[in-house]
Every structure is written in C-alpha cells, then in structure tokens.
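Here are a few friendly notes to read alongside the model. Please keep the picture open as you go through the points.

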Amino acid sequence: MTSDQTLILADLETIWAALDAFLDSFSPQDWSRKHGKDWTFADMPYHLAYFNQTVIDGIGNDREQQAKHTLRELNAWNDAHFAQRQSGQAGAKGLEYLRSTEVALKQAAQRHAPETPVFLPLIIVGGWRTLAFALDYLLDHTWLHFTESNLRFDQRLPELPASLVNHALNFSMEAAAGALRPEDLVGVDLVTILRLTGEGGGTWTFSMRAGKCQVEARAAPHADAEITSDIATYLKTSVHQMQSPLSALLRGKTRIKGVSKAQQFQKLFAVTPGRVWSFVEQGRTAPG
C-alpha cells in the first residue's frame, strides 16, 4: 500500500468517525425525519453501506458487467438495493451495517495495490477504475451525503479537516468537468472561475472550448464569468437542491460577475448525466 493510499484511507477513517458521532446521537424521531423528497435519515447509512460494498465486490471482479449511463438506470439500481434491505438495516441498525462495511473496505484496500482494477456500476465514474480512484470516489460520495445530512438536520456543515474537504471538492470538480460530452459543448467557448470560501474551499477555473472541458485548481488571469459562494451555499444550490440559486443570489450568499455567461455555465452542468467520466489521460482508469 502506497503513502497516497494510506492518506486516503486516513481521510476515510476521519469522515467515518465524524459521521458515526453525528448519527450515533440520533433519537427514533431523528431517524424518521425527512431527508429530501424520498428519504428519511434512516435510509442514509444503508445507502453509504451498499456503496462501500459495491467497491469491495468490484475489486478484481472479472465478471462481464456494464456501467449505468443514465439517471433512470442509476435510480433503478438504487431502488433494487433498497428493495433488498433487511429489516435490521435501517436507522441505528443500518449504522451498524455501515460500520461493518467500513471495516471490510479498509481490510480489502490494505490487501490490494492502488492500481488494482475495480469495477464501478455507476454513472459518470462507472466502468473499470483503479482502487485508488474508487477510494477517492467513496470519500467524495460520503462527504456529499454527510454534508447534506448536516445541512438538512441543523443547517451547518460538519467539522472536518480543511485538507479533507478540499480533497473531496477537487474530486467533485474534476468529475463534473470530465463528465461533459463533446456534444454538450458544441459552439461553447467559455472560461469560468468558481470560488468557494470557508475551511477547505478553493478556486477552480473551468475552460470550455473545442468540445472539451478542463478544470484547474487556480484562478485564470482572464475569465468570462466568476462565481463566488461559501461551501454550504454552493452545496445547497448546486448539489443538494435545498435552495434556489436565485434565492442565494438575492440574499448575497452568491456573487456573480458576468451573469449571462455564468448562467450558460450553470446550464451546461444541469444536463441530465448520460455519460461516463473518461479520464484515461490522467491515469485514473484501470489498466485494460
């Protein structure tokens, strides 16, 4: 196991411990609270658990499989997992199941090299990836659900190391940029700077031209649009659909330069994902 893999496992253990402390204090009433349109808080641990198990099962799995390519396919896959949930895997008991998958995932990761192929049957990040990529993805996925739960529960972000938050945000930005298809970007020539303030925030430049989108963790000297927001507002408006972008703008929580270009940028990422993140040039996929 390399030092990079040791670091990502350390980040996973940090977020697991924080998530555990957050959920361990839940009362029966807390577990039954609504968590978005279709979930209660009792559903979240089980969801994270079967994602952990999916990575464990995908390590070195040479069975012929196919990644999901649309949200409808992914939703059906999620629905199938929830249909298989046992009565003892919801709420507090679901948290016990989540803990067991965390232990199993850590043990599996310690037995395999970072470049070990892992199959992920998902949209955007799906297909054959490396174990290192899969662990990065799980950190981002867990962080996104953990932040959503905190924001829905008491309107606050969890307290986590800034380096971990920035790591997850970098993965999210790369995934968003890499998932746009050439047909999404026909005729688009756009440079947008996104600034997220707060612990672990950062600045990213999205450059869209010639049918490609590239993202760099820095501010370009010149941009068509600039969007500045705190991390919580960004998550509520752009990821978790808890607040309208217009409301955040009117309340001064989001600041924009180049409004029409910023709107164009946001609309590009609102396209229903029907693609797979192709990141071969950065070495993020597994060897064929």
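Predicted model: local features only at pLDDT ≥ 70, side-chain atom pairs only at ≥ 80, totals over all residues.

1. Is valine 103 buried, partly exposed or exposed? Valine 103 is partly exposed, because its relative accessible area is 49%, and buried means under 20% relative accessible area, exposed over 50%, partly exposed in between (1.4 Å probe, protein chains only). You will find valine 103 in helix α5 (residues 91-111); helices (H or I, at least four residues) and strands (E, at least two) are DSSP runs, numbered from the N terminus.

2. Residues are numbered from 1 along each chain as its sequence is written, and side-chain values use heavy atoms, with hydrogens and water left out.

3. Now look at helix α4 (residues 71-83). Its 13 residues should span 18 Å at 1.5 Å a residue, and the end C-alpha atoms are 18 Å apart, which agrees; the expected span is 1.5 Å times one less than the number of residues. Leu74, Trp77, Asn78, His81 and Phe82 are the buried residues of α4. They cover an arc of only 135° around the axis, so they sit on the same side of α4 (the arc is that of the directions from the helix axis to the C-beta atoms). Arg72, Asp79 and Ala83 are exposed on the other side of α4.

4. How many salt bridges does a search of the whole structure find? The search finds 12, a salt bridge being a side-chain nitrogen of Lys or Arg within 4 Å of a carboxyl oxygen of Asp or Glu. One of them joins aspartate 189 and arginine 209 (3.7 Å, N to O). Aspartate 189 lies in the loop between α7 (162-179) and β5 (190-197) and arginine 209 in strand β6 (residues 202-209), so this pair ties together parts that are 20 residues apart in sequence.

5. Another salt bridge pairs glutamate 226 with arginine 195, whose closest N and O atoms are 2.7 Å apart. This pair links distant parts of the chain, with glutamate 226 in strand β8 (residues 225-230) and arginine 195 in strand β5, 31 residues apart. Arginine 195 counts as partly exposed, at 26% relative accessibility.
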